[in-house]
Amino acid sequence: QEPNGIHAVWKLNRTTHAIIGTHRFNQGTDININFINDNVFDPGRDVLLVNTEVGLYRIDTNTMALTTPVPSVIDLGAGQMVACSAIDTVNGYAYFGTTQTPGKIIKVAYSNHTTQPLFKEATLTFTDLNDRDIDAMSIDETHGFLYAATDTIPLRLIKVSLSTFQKVNTLIGQTNENGAAALFMDVPNDKFYAVTLWNTSAVPG
């Protein structure tokens, strides 16, 4: 948020950290934006996807303007409380995890911003009520899987097939392996790592 209260996305020079581009959310329904939830970047397509409580924005990082054709802003759905995202740059899809019960993963096609509008392609709603409060996600593009971690006691790591967009299985954490702050993929070594938020003894009674 800038000093004038307007929310914005800044493009910085990696060496000097100087601002070299800005997209300001200050027109139309943009003025209702109070916070930016999450964002993902595809450097190969020069596309930044920014999720807010108003909607999902697709920004061209060359111009820092909304991409064409419209719509380059979509609503992910009423009541969708998005906490995290992951991006499949190979196939041009972004995924957004919700903090609902049960949890949902929303699949959005974004790839060709010169000819294709931004649109929501599918939603996976988990049938197990324990698969909820998705707080972190990561993608293994090589093997075709998405991993989602829950903010639960204990945490749950949910494996989803990218090809079928269906849940494959769930790994349940052990004692004191609670909540998830982040997931990291190590594809060459066939491993991924989950960072937990807290242990049971730290939770107020």
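Author: A salt bridge is a side-chain nitrogen of Lys or Arg within 4 Å of a carboxyl oxygen of Asp or Glu. The structure holds six salt bridges. This is a predicted model, in which local features need pLDDT of at least 70, side-chain atom pairs count only at pLDDT 80 or more, and totals for chains, interfaces and linings use all residues. Residues are numbered from 1 along each chain as its sequence is written, and side-chain values use heavy atoms, with hydrogens and water left out.

Reader: What makes K107 and E121 a salt bridge?

Author: Their closest N and O atoms are 3.5 Å apart. The limit is 4 Å, so the pair qualifies. K107 lies in strand β10 (residues 104–109) and E121 in strand β11 (residues 119–125), so the bridge ties together parts 14 residues apart in sequence. Strands here are DSSP runs of E, at least two residues long, numbered from the N terminus.

Reader: Is K107 buried or exposed, and how do you know?

Author: Buried means under 20% relative accessible area, exposed means over 50%, and partly exposed is in between (1.4 Å probe, protein chains only). K107 has 9%, so it counts as buried. E121 has 36%, so it counts as partly exposed.

Reader: What makes D128 and R156 a salt bridge?

Author: The closest N and O atoms of D128 and R156 are 3.2 Å apart. The pair links distant parts of the chain: D128 is in the loop between β11 and β12, R156 is in strand β14, and 28 residues separate them. D128 is partly exposed at 28%. R156 is buried at 10%.

Reader: How do you know that D131 and K167 meet in a salt bridge?

Author: The N to O distance is 2.6 Å, so it falls within the cut-off. This pair also links distant parts: D131 in the loop between β11 and β12, K167 in strand β15, 36 residues apart. D131 has a relative accessible area of 0%, so it is buried. K167 has 33%, so it is partly exposed.

Reader: Which residues are linked in a network of salt bridges?

Author: D128, D131, R156 and K167 are.

Reader: Why are β12 and β15 said to stand at the edges?

Author: The open sheet has four strands in the order β12-β13-β14-β15, paired antiparallel. β12 (134–140) and β15 (166–172) each have a single partner strand, so one side of each lacks a neighbour in the sheet. Neighbouring strands are turned by 20° against each other on average, direction ignored. Those angles lie between lines fitted to C-alpha atoms, on a scale from 0 to 180 degrees between N-to-C directions.

Reader: How do you know that β14 and β15 pair?

Author: Two strands pair if DSSP finds at least two bridges between them. Six bridges join β14 (residues 156–161) to β15, so the pair passes. I158 stands opposite T170 in β15.

Reader: Why is T52 called buried?

Author: Its relative accessible area is 5%, so T52 is buried. T52 lies in strand β4 (residues 47–52). T52 touches I33, F35, I36, N37 and Y57 (heavy atoms within 4.5 Å), not counting residues up to four places away in sequence.

Reader: What makes up the nonpolar patch on the surface?

Author: W10, L12 and I19 form it, with about 310 Å² of accessible area together. Areas come from the Shrake-Rupley method with a 1.4 Å probe. Patch residues need over 30% relative accessible area and no salt bridge, and nonpolar side chains are joined within 5 Å (like charges within 9 Å). L12 is in strand β1 (residues 7–12).
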